[in-house]
Amino acid sequence: MSENIVWHDTAVSFDDRVRLNGHKPAVLWYTGLSGSGKSTIANAVDLKLFERGCHTYLLDGDNVRHGLNKDLGFDDASRIENIRRITEVAKLFAEAGLIVGTAFISPFIADREQARAIAGAHFIEVFVDTPLEICEQRDPKGLYKKARAGDIPHFTGISSPYEAPKNAEIHLKTAEISVEAAAEQVVAYLIQNHKLGSE
Ligand code: ADP
């Protein structure tokens with residue numbers, strides 16, 4: 001980083017934005033196997049928050065790879081850079097006052113801890129906990145079938161590990177609850193932690 005780049009103070013403060021929005025920002029970091037329900041639940045939460053008048057945005061894996069991260073591949077260094085950029089963007093959205101949802105498998109604890117370190121107090125880890133057998137039965141994009149046939153190398157859960165969170169703020173067991181109940185659980189967490197009031 002150049003030593004000639006100076007961080008500017010802003011005329012509108014973080015507290016000003018919270019007051020205007022009527023809620024605090026957050027980074028809801030959904031993690032789980034492919035097909036666990038990250039996108040589905042993140043969208044259901046987004047809709048609930050939107051209907052409550054919250055300012056929200058969703059960052060979805062595939063969409064980000066079409067734009068900001070289209071220069072990145074899937075080797076280790078690119079994967080780490082992918083998550084780092086997403087986290088920095090999520091942090092900017094949060095600093096702008098929004099409740100941001102990110103839906104990425106993000107299988108490695110170290111990457112998620114880096115995201116937590118960057119996003120700071122805004123970071124809320126949401127473990128979308130769905131057994132591999134159920135993800136494979138759902139197989140919404142037909143990816144497990146391809147992975148089992150050996151057509152997708154390093155597929156999380158099949159030929160690449162998924163490191164489950166040990167201390168996620170929110171733990172959703174989707175084999176036991178509906179999408180609606182999972183979304184309610186996330187919103188309830190935000191209410192309990194005073195994110196949806198400006199106090
Ligand atoms: P991911 O984003 O984790 O890859 P998706 O949200 O794309 O997963 O796909 C999950 C699929 O599982 C969707 O088709 C969704 O409708 C289905 N599903 C069934 N039951 C649930 C549940 N309780 N929670 C989340 N998704 C569920």
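# A guided tour of ring pairs and salt bridges

Select Trp29 and Phe123 to begin: both residues are buried, that is, under 20% relative accessible area, where exposed means over 50% and partly exposed in between (1.4 Å probe, protein chains only). The model is predicted, so local features need pLDDT of at least 70 and side-chain atom pairs count only at pLDDT 80 or more, while totals for chains, interfaces and linings use all residues. Residues are numbered from 1 along each chain as its sequence is written, and side-chain values use heavy atoms, with hydrogens and water left out.

**Aromatic pairs**

The whole structure holds five aromatic pairs; rings of Phe, Tyr and Trp (its six-membered ring) pair if their centres lie within 6.5 Å, and planes under 30 degrees apart count as stacked, over 60 as edge-to-face and the rest as tilted. The rings of Trp29 and Phe123 are 5.8 Å apart at their centres with planes at 35 degrees, so this pair is tilted. Trp29 belongs to strand β1 (residues 26–31) and Phe123 to strand β4 (residues 123–129), 94 residues apart; helices (H or I, at least four residues) and strands (E, at least two) are DSSP runs, numbered from the N terminus.

Next, select Phe127 and Tyr162, a stacked pair with 6.2 Å centre to centre and 25 degrees between the planes. Phe127 is in strand β4, whereas Tyr162 is in the loop between α7 (143–148) and β5 (170–173), 35 residues apart. Phe127 is buried, its relative accessible area being 8%.

**Salt bridges**

The count of salt bridges is 12, each being a side-chain nitrogen of Lys or Arg within 4 Å of a carboxyl oxygen of Asp or Glu. Lys48 lies in helix α2 (residues 38–51) and Glu180 in helix α8 (residues 179–192), so the bridge ties together parts 132 residues apart in sequence. Lys48 is buried at 17% relative accessibility, whereas Glu180 is partly exposed at 47%.

Move on to Asp111 and Arg79, which form a salt bridge of 2.8 Å, N to O. Asp111 is in helix α5 (residues 109–119) and Arg79 in helix α4 (residues 76–95). Asp111 is buried at 8% relative accessibility, and Arg79 is partly exposed at 21%.

Finally, select Glu169 and Arg116, a salt bridge with its closest N and O atoms 2.8 Å apart. Shared partners join Arg112, Glu113, Arg116, Glu125 and Glu169 into one network of salt bridges.
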